[in-house]
Amino acid sequence: MADKTRLLIGTRKGAWFLDGGSDRESWSPIGPLFLGQIINHLVSDRRDPKVLLAAASTGHLGPTIQRSLDGGETWTEATRPPALPAGDPHGRSVHHTFWLEPGHASEPGVWWAGASPQTLFRSADNGDTWDGVAGLNEHPKVLDWFPPMDEGTPDGPMIAGIVIDPRDARHMYLATPTAGVLETLDQGATWAPLNENVRCDYLPDPYPEYGQDAHQIALSPTNADRIWQQNHCGIYRLDRPARRWDRIGDAMPRDVGDIGFSIVPHPRCEQTAWVFPMDGTEVWPRVSPGGRPAAYRTRDGGASWERQDRGFPREQGWFTVKRQAMSGDGADPMGLYLGTTSGEVWASKDEGESWRQIAAHLPEIYSLAAVPHA
Amino acid sequence: MTQVLIPSQLTSYTGGATRVDAAGATVGSVLDDLDRRFPGLKFRVVDEQDRVRKHMRIFIGREETRQVTAGLRDTDELLIFGALSGG
């Protein structure tokens with residue numbers, strides 16, 4: 001393995017790095033960074049790993065973006081963080097940035113930010129200054145897609161994910177909690193819903209054009225036509241150019257269900273992906289079903305799923321793993337990592353076959369990303 | 001000049017200073033002056049629609065205001081606090 005792995009961890013009370021040894025057995029914490037600040041997302045630039053951005057806010061202060069150009073050694077605040085124009089016709093202001101996404105490989109320095117309320121921003125200077133994407137933020141249907149009174153999620157409605165087609169910088173997808181998946185073919189100038197056959201258990205029309213809650217979407221690294229989705233109402237897969245999603249979560253065990261937040265595709269196999277189910281019954285506890293944490297892996301595109309729970313608590317393990325808090329590394333065999341809202345980090349270095357806790361006592365983990373680290 | 005009380009949440013911008021002088025005839029213009037000297041400070045206190053952020057409080061002397069258009073005299077003291085909140 002040429003690189004070691006670093007985990008970038010954003011929490012409700014600051015950020016940490018967790019640096020793995022070459023064997024992925026020993027892990028060393030570095031931090032805290034930004035102690036006391038809410039770090040919704042901490043991301044490194046896959047095109048230039050020295051560049052890191054953090055979406056920061058606090059209980060008191062407004063939102064901002066912190067930037068590092070030296071691999072996290074030093075940080076400066078964005079000169080102009082994401083903000084809507086003064087006099088926004090809908091009276092919106094950015095509450096926090098939720099998702100940070102490095103731009104297409106052909107556009108070094110470009111980053112995208114998804115915010116709450118649901119708005120999209122672009123930076124062309126490694127996150128120093130940001131401009132709103134008018135094609136979405138001022139879209140004629142913006143109040144239908146993103147109802148201003150809709151709370152969306154407990155921390156507010158947000159752009160929950162940004163995915164860029166590696167073959168075409170103009171082709172992007174957004175995951176949203178009130179309009180499902182939106183697609184653009186012109187880098188944000190125009191958008192259209194992409195939700196056919198995705199269920200809404202909570203609306204009168206269970207299969208509307210939009211209104212779905214896309215918790216997370218991800219492309220297969222080896223097949224950019226394959227989109228995986230962990231939705232509020234199930235696990236789905238879509239193979240473009242088709243537009244109709246398949247509910248591959250139907251193959252999950254009935255007593256576990258197919259509710260969750262995260263979905264992680266395999267870096268080299270388009271048939272393989274992992275989810276980490278959450279209890280979606282009755283009042284939606286959103287903890288490990290039955291208090292028995294487990295990842296589930298499919299190796300046949302979602303036709304079947306296998307339980308992976310070795311090393312996790314056998315009982316009374318009430319994990320909540322949020323949508324940004326499960327990640328895989330690029331190693332072979334792939335390492336998987338997840339962070340819980342109770343501040344624990346769990347790792348598997350054998351593609352989910354076995355798990356062990358590698359950190360505890362952190363604040364509530366919002367995001368966790370595994371990145372190569374020299 | 002108006003003397004401004006800086007709360008702990010913002011001292012990272014002012015180099016640790018808890019009291020600074022700033023010029024301006026309104027709350028907003030004082031914050032603009034502070035922002036020129038301490039870039040980024042204003043946006044942490046007031047959003048892009050000129051609304052004082054929910055968990056920030058601004059007083060002119062002992063009178064609270066949530067209007068950036070509120071007027072100031074040179075003799076006024078502007079006090080910025082983080083609200084009693086959080087957890």
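Which residues have the most contacts inside the largest nonpolar core? In this predicted model, they are A:Ile9 and A:Leu368, and the core around them has 103 residues. Take A:Leu368 as a way in. Setting aside its neighbours within four places in sequence, A:Leu368 is in contact with A:Leu7 and A:Ile9, and also with a list of others including A:Met326, A:Tyr337, A:Leu338 and A:Val345. There's also a second, separate core of 18 residues, and B:Val46, B:Met56, B:Leu72 and B:Ile80 are among them.

Now for the strands. In general, strands of a sheet pair through backbone hydrogen bonds, either parallel or antiparallel. Chain A has an open sheet of four strands, in the order 3-2-1-27, and the pairing is antiparallel. Strand 3 (27–33) and strand 27 (365–373) of chain A each have a single partner strand, so they stand at the edges with one side lacking a neighbour in the sheet. On average, neighbouring strands here are turned by 20° against each other, direction ignored. Look next at strand 1 (residues 4–11) and strand 2 (residues 14–20) of chain A, which pair over six bridges. Within that pair, A:Leu7 sits opposite A:Leu18.

How do the two chains meet? On one side are 16 residues of chain B, in contact with 15 residues of chain A. The chain B side is made up of four nonpolar, seven polar and five charged residues.

Finally, find B:Gly16, in the loop between strand 1 (2–5) and strand 2 (19–22) of chain B. B:Gly16 counts as exposed because it has 9 other C-beta atoms within 10 Å, and the cut-off for exposed is 12 or fewer. Its C-alpha atom is 9.1 Å from that of B:Ile6, 10 residues away along the chain.

Methods:
Residues are numbered from 1 along each chain as its sequence is written. Chains are lettered from A and ligands numbered from 1 in the order in which they are written. This is a predicted model: local features need pLDDT of at least 70, side-chain atom pairs count only at pLDDT 80 or more; totals for chains, interfaces and linings use all residues. Two residues are in contact if their C-beta atoms, placed from the backbone, lie within 7 Å. Ala, Val, Leu, Ile, Met, Phe, Trp, Tyr, Cys and Pro count as nonpolar, Asp, Glu, Lys and Arg as charged, and the others, Gly among them, as polar. A nonpolar core is a set of buried Ala, Val, Leu, Ile, Met, Phe, Trp, Tyr and Cys residues joined through C-beta atoms within 7 Å. A residue is buried if 20 or more other C-beta atoms lie within 10 Å of its own, exposed if 12 or fewer, and partly exposed in between; C-beta atoms are placed from the backbone. Helices (H or I, at least four residues) and strands (E, at least two) are DSSP runs, numbered from the N terminus. Two strands pair if DSSP finds at least two bridges between them. Axes are lines fitted to C-alpha atoms, for helices over the stretch in contact, and angles run from 0 to 180 degrees between N-to-C directions.
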